[in-house]
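Hi,

Here's the structure I said I'd pass along.

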Amino acid sequence: MTPQNTILIAICLPLIGMLGIIIAGRVSANLREAVTLITALCLAYVVWSLLPELMAGGRPGVEVTQLMPGISIAFRVEPLGMLFSALASGLWIINSIYSIGYMRGNKEKHQTRFYACFALALSATMGVAFAGNLFTLFLFYEILTLSTYPLVSHKGDAATVRSARVYLGVLLTTSIGLFLPAIIWTYVAAGTGDFVLGGILPGKLQDPEVGLLLGLFVFGIGKAAVMPVHRWLPAAMVAPTPVSALLHAVAVVKAGVFAITKIITYTFGIEFLFDSSSSGWMFYIAAFTILAASIIALRQTNLKRMLAYSTIGQLSYVVMAAAILKPLAEVGAAIHMVAHAFGKITLFFAAGAIYVASKKTELYQLKGIGRRMPWTMTAFTIGALSMIGVPPTAGFVSKWYILAGAFQAQNTWALFTIIGSTALNAAYFLPIIYMAWFAKEESGGKDHGEAPFPAVLALTLTAMLTLAFFIFNGPVIELESQVVQGLAP
Amino acid sequence: MDLISHLPALQVIVPMLSAPIIVLLHPRGLAWAGATLAALVSFAISIALAVAVLGGETQTYAMGGWPAPFGIALSVGGLSALVLLVVTGAAAIALLAARPSIDQQIELERQPMFYSAWLLGLAGLAGIVVSADAFNIFVFMEISSLASYVLIAGGPDRRALLAVFKYLIMGTIGATFYLIGVGLIYMMTGTLNLADMESRIGDVAQTRPVLVAAGFITIGLALKAAVFPLHVWLPNAYTQAPHMITVFLAACATKVSIYVLIRFDYMVFQPTMAEHDNQFALFLMPLALLGILVASAVAMFEGNIKRLLGTSSVAQIGYIMLGASFISLAGVEASVMHIFNHALAKGGLFLAVACIAYRFRDLRIQELGGVAKTMPFTCAALVLCGLSLIGIPGTAGFISKWLLITASLESGPFGWIFVAVILVSSLMAVVYIWRIVESLYFGGSANRDTVIAEAPLQLLVVTWIAALANLYFGFFPEVPLALADNAAGVLMGYGK
Amino acid sequence: MKLLELLGYYNYWVFAIALVIGLYAVISKTNLIKKLIGLSIFQSAVFLMYITMDKVEGGTAPIIKAGVEDQIYSNPLPQVLILTAIVVGVSTLALGLAIVVRVNERYGTIEESEILESD
Amino acid sequence: MIFVFSLFLLSLLIIIAIAIVQAKNLFVSVMLLSIFSLLMATNFFILDAADVALTEAAVGAGITTVIFLSALALTAQRERKVVGGRTIALIAVGVLASLIIYATFEKPRLGDPNAPVHQHVAPWYLEKTPEYIDIPNIVTAVLSSYRGYDTLGEVFVVFTACIGVLFILGAKPASLRGERNVERAGLRHHLIPQVVGRLLVPFIVLFGLYVQFHGEYGPGGGFQAGAIIATGVILYALLEGEAAALRAIPRSVLLGLVVGGALLFGGVGVVCMFMGGAFLDYSVLQSDPVWGQQLGIVIIEAGVGMAVCGALLSIFHAFAAREIAQ
């Protein structure tokens with residue numbers, strides 16, 4: 001198995017899995033879910049098998065077909081994409097386990113469609129991660145949008161369809177209206193859209209245009225949910241919880257911030273942007289989003305909506321880290337993708353488990369729930385601490401690197417933003433934790449225990465990952481440092 | 001002469017001479033089989049022609065053995081080959097699928113005449129495309145127009161009659177304008193052959209009759225091509241026509257008029273008349289932009305699914321005209337590619353609509369709630385073609401949109417305005433396509449007394465062929481792109 | 001000669017005026033048959049334009065007379081074109097009238113305004 | 001003198017055109033239209049276009065009028081009052097007219113032998129026809145050989161119209177089926193038309209046949225002949241009733257004529273291909289190319305005549321049958 005083949009297999013495997021799921025869905029639910037799990041395991045194996053090559057400095061690539069002269073579907077694996085794909089494929093296994101518990105526990109309809117679209121979304125995610133040029137990135141980015149639409153609108157009632165319309169509307173509007181012209185502009189200006197370390201635009205664009213193009217990219221990639229194009233994320237909360245996990249932790253928003261980071265490093269070039277005078281605004285937009293989203297999160301009463309706004313803030317950490325435009329901050333951006341993924345998936349799993357077990361969705365209902373669902377709430381606590389950035393959780397590591405990057409750039413605003421948002425994060429997570437463990441349960445509630453076993457297993461696993469990442473983060477940092485090798489600090 | 005050199009003539013005479021035979025085929029199904037066979041043979045011929053043209057040779061043919069300005073010449077270059085592929089492909093695809101739907105809409109004893117008219121329509125359109133003679137184009141334009149009037153008049157609703165009457169009036173005015181223009185040019189040059197015209201028009205290019213002729217020809221053809229605001233006949237005609245006829249006409253009829261327009265303006269007027277390119281652009285560009293925006297906006301509020309798609313066609317014609325009005329290599333290439341890709345997307349969409357219409361009479365969008373539950377395959381094909389119409393990457397529609405935006409950016413200081421218009425209308429396309437999709441998948445299902453099942457296999461399979469073609473040409477557009485490249489080169493004067 | 005020159009232009013003017021009279025009827029009349037009558041005038045006018053250009057001074061119809069040298073003949077080509085165009089005209093007309101007959105059967109009127117009201 | 005006459009005719013043309021548009025009675029309009037066509041034909045004749053004049057007279061004044069009258073019989077006689085919309089129409093056509101008149105001032109004047117039309121292609125036809133085809137009527141030569149492909153197209157236009165009318169009028173309200181063969185008297189009880197008509201019909205048909213086979217030598221050819229013969233048969237139908245005409249030439253024969261004529265024309269072209277020439281290259285039909293051309297022209301003219309005659313009669317019967325059904 002050459003690395004070239006491995007890349008293609010990684011993209012096709014979920015598609016084959018999807019066909020298998022559709023066929024198996026006609027036979028029995030057990031078989032269908034077995035197919036899902038097997039596909040997820042195989043995918044993870046395939047993706048992770050690329051890791052040694054990458055660590056050794058290899059950048060395997062393959063061109064599939066050339067559509068027009070200069071525009072081709074091509075893949076090239078580099079550290080950022082490797083990290084993203086490894087993360088997504090790994091979390092898909094856990095998410096599948098959790099889905100089985102959740103979907104069965106809730107007796108959802110159209111489960112075959114659900115698993116099939118999930119597999120399709122993963123295929124698109126692999127495509128985004130491995131994309132070797134802007135066109136390929138855009139292609140899979142759009143497939144990801146479309147394949148998640150049926151997942152978001154899964155329930156099918158009027159309110160859900162309306163929210164799904166917002167989801168699709170915002171993502172398609174931004175991607176067609178801004179992202180696409182940005183890409184075409186890049187092709188016209190640079191003559192190519194290939195991802196090259198150090199960027200393809202230096203020397204091709206002048207100053208005010210650089211800022212304009214950057215704006216088209218940042219707001220065009222609506223999946224990164226930088227304000228004001230964040231509206232789709234709370235709207236998508238109508239989806240089943242495994243889908244929320246997919247959106248927030250595994251694929252969708254990660255694809256957004258991944259794309260922004262990748263474009264900054266591989267299309268513009270970090271140093272080019274740092275030297276240009278018209279790109280500074282991106283940092284402030286990200287910082288504003290972090291604080292504003294945190295404040296809005298503080299005012300939420302619904303658990304999932306609160307988590308959604310928390311995600312918007314956390315995503316802008318990545319964008320802001322990338323916008324600091326210094327090597328350590330870029331590494332921090334990459335690590336924060338991982339850290340947030342582990343933490344947020346844990347939180348969503350927990351929220352879903354609470355819903356399955358008790359049908360509770362509002363914050364005030366959570367009083368004393370820790371005693372009924374100790375596993376779930378322990379995991380929730382770990383996830384929340386990671387969001388705040390308390391050691392020994394994953395969140396601490398990434399914040400550390402972003403802060404270090406801010407020092408490199410001597411960017412005091414970044415320091416203030418991080419400190420401020422940490423305080424805000426604490427302000428909206430700690431009361432929940434307190435309430436869950438120490439407040440007295442209101443009487444008259446449903447008598448319930450833990451959620452179904454697969455769900456609990458999944459959230460325990462992710463909580464453990466959150467903790468483990470605090471210690472075993474060496475390889476990740478080593479890999480991502482390759483991106484910024486040779487750059488002045 | 002060997003068979004290959006006869007291909008341009010065979011392209012027309014195969015369907016044309018099959019038509020009288022079809023009239024006589026009365027037993028059930030035979031007329032359909034004959035017509036389909038003829039259309040498939042035409043399609044094969046056009047593929048062979050495309051291969052020959054890609055080999056580097058423009059195929060020419062002297063009718064009756066008379067040399068060019070004296071006899072009628074045929075010629076097939078990159079542009080013609082591509083349009084031929086669209087025309088014959090649309091006819092072959094639509095005819096292959098047609099039988100169940102036509103059996104439902106046209107009485108059995110009238111079917112032989114109907115299929116015969118269909119072949120005549122095909123022959124007329126093909127005849128326009130291969131012809132290199134201005135008057136001959138008029139004759140075949142009339143064959144195709146008369147045939148399409150007949151075909152549309154086959155629509156079961158009485159409103160079809162009024163729609164087709166309007167179309168007849170507009171079409172005849174357009175054709176007559178064209179005839180006047182050709183007459184004026186003939187008066188000044190003494191020739192009807194297009195290539196000959198170009199070489200002789202130089203001395204008289206600035207005389208009034210030629211200027212007026214350019215106006216008449218452009219307006220006449222714009223009328224036939226349904227360029228905004230001369231499009232009023234189109235949505236009604238497409239809505240009321242039998243469903244399979246809508247598939248055929250929507251995919252290729254107006255495109256052929258655009259083809260003639262492009263050919264005249266680029267090959268006869270452009271190289272010879274100073275300032276013509278500016279006048280042409282000034283005339284067409286605003287119309288194209290307005291057409292794109294207004295028609296897309298109107299389509300967002302249409303209630304009937306066929307009318308919605310018909311209105312969207314007007315916007316898509318705007319895209320094609322916009323590319324042509326840049327008068328640049330990239331612009332023409334985009335325009336020609338969009339002729340091909342829009343035919344794929346719209347043909348596929350109308351095929352899917354025909355599948356739905358086979359089961360559900362009422363095609364108002366709000367009445368189609370939840371159809372996807374009973375017709376999952378049809379609706380999936382519809383979504384795929386819809387995505388192609390919007391221009392989602394990975395579909396054919398994306399390729400031409402990409403080319404068009406690139407051409408806009410290169411077109412000069414106003415490029416950004418064009419890009420903005422294209423993008424805004426793409427977003428409007430998202431809205432109107434998604435209105436359909438939402439209704440099909442999530443709309444509430446009303447009580448129905450019709451048989452609820454998937455469409456007949458014949459319709460469904462062909463619909464899926466069209467849908468998959470949208471995907472295929474989204475990833476492998478080499479062939480149409482090569483033809484479009486060739487066409488753009490010739491039209492811009494680089495390929496001679 | 002002056003007269004002939006004037007007449008030459010006069011032919012074209014008559015063409016122009018007859019053309020627009022026909023077009024006017026097509027646009028402004030709401031009676032469907034009247035529209036077709038207008039269309040018929042509109043098309044006939046174009047025939048006049050073509051035939052006007054085939055005339056050559058001192059020429060005769062282009063039928064070659066055996067044994068006569070130096071005879072000037074009119075231009076045969078516009079005549080051929082118009083022969084074709086006449087056929088096209090009558091074909092369009094027949095089709096149009098067939099449609100009108102059916103409109104009358106289905107709507108009970110051939111006035112466009114009344115038809116539009118009844119739909 | 002002829003110029004003055006011509007000026008008079010042209011002015012009359014305009015006056016009649018206005019009268020046609022103004023007339024409220026559709027019947028009057030149609031009859032005026034017939035006169036308009038006759039005047040047009042006279043003009044064409046003055047302009048040395050004998051073939052076109054013959055055709056315009058047969059088709060414009062004859063067939064068109066008959067079809068219009070049949071349609072009028074099925075619909076309405078009078079036009080309702082029109083309100084509004086006139087100003088816009090007037091402005092539009094005014095602009096158009098001035099545009100065309102603007103263009104006229106740089107046109108070559110009438111009859112100028114140096115006009116471009118008379119320089120390029122046309123002289124070649126006049127010069128080469130004796131050598132290549134050797135028939136006196138150049139119009140026929142151009143029509144059926146040099147531009148034979150156009151004429152084939154023309155035949156198919158007629159064919160399309162024919163099956164179109166049959167298709168559109170073939171949609172019958174179910175209740176009216178089976179009443180087609182109601183006898184109608186025609187004009188049988190009117191003595192003068194009866195006698196004159198009976199005398200005329202054979203001559204008209206005979207004249208048609210003459211025009212058909214004399215087309216190479218004088219004005220005429222398949223198209224004119226087809227139209228004239230059709231007129232004769234229509235006259236017969238008017239006199240004796242439609243059913244009698246159908247007994248003489250049944251519908252199936254008419255359709256056979258149309259299909260046969262179209263296929264005959266196309267078939268000749270295909271035969272040329274098989275014999276090694278281009279489509280419609282008649283010179284390969286015989287060992288002597290000139291003979292081949294003449295043979296080809298005779299056959300395709302026959303095809304045109306059959307197709308046109310059959311098509312026009314089919315169209316007429318389609319309208320007339322509708323009348324009885326109502």
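Chain D has an accessible surface of about 12,600 Å², and 70% of that belongs to carbon and sulfur atoms (areas are Shrake-Rupley with a 1.4 Å probe, and for residues only the protein chains shown count as cover). Keep in mind that this is a predicted model: local features need pLDDT of at least 70, side-chain atom pairs count only at pLDDT 80 or more, and totals for chains, interfaces and linings use all residues. As for bookkeeping, residues are numbered from 1 along each chain as its sequence is written, chains are lettered from A and ligands numbered from 1 in the order written, and side-chain values use heavy atoms, leaving out hydrogens and water.

Staying with chain D, there are 12 helices and zero strands (DSSP runs numbered from the N terminus: H or I of at least four residues for helices, E of at least two for strands). The C-alpha trace spans about 60 × 50 × 35 Å along its principal axes. Of its 326 residues, 58% count as buried, meaning under 20% relative accessible area, with exposed over 50% and partly exposed in between.

(Patch residues have over 30% relative accessible area and no salt bridge; nonpolar side chains, i.e. Val, Leu, Ile, Met, Phe, Trp and Tyr, are joined within 5 Å, like charges within 9 Å.) D:Val195 sits in helix H8, residues 191–213 of chain D, and counts as partly exposed because its relative accessibility is 44%.

Now the chain D and chain B interface. About 4,900 Å² is buried between them, 75% of it from carbon and sulfur atoms (buried area is the accessible area two parts lose on being put together, summed over both, 1.4 Å probe). D:His120, D:Tyr149 and D:Phe167 supply 17% of what chain D buries against chain B, more than any other three residues. The contact takes 52 residues from chain D and 62 from chain B, where contact means heavy atoms within 4.5 Å. The rule finds one salt bridge across this interface (a Lys or Arg side-chain nitrogen within 4 Å of an Asp or Glu carboxyl oxygen). D:Arg147 forms a salt bridge with B:Asp133, with the closest N and O atoms 2.6 Å apart.

As for the other chains, C and D share the most contacts of the four pairs in contact. Chains A and D don't touch, their nearest C-alpha atoms being 39 Å apart.

Cheers

Notes: Buried means under 20% relative accessible area, exposed over 50%, partly exposed in between (1.4 Å probe, protein chains only).
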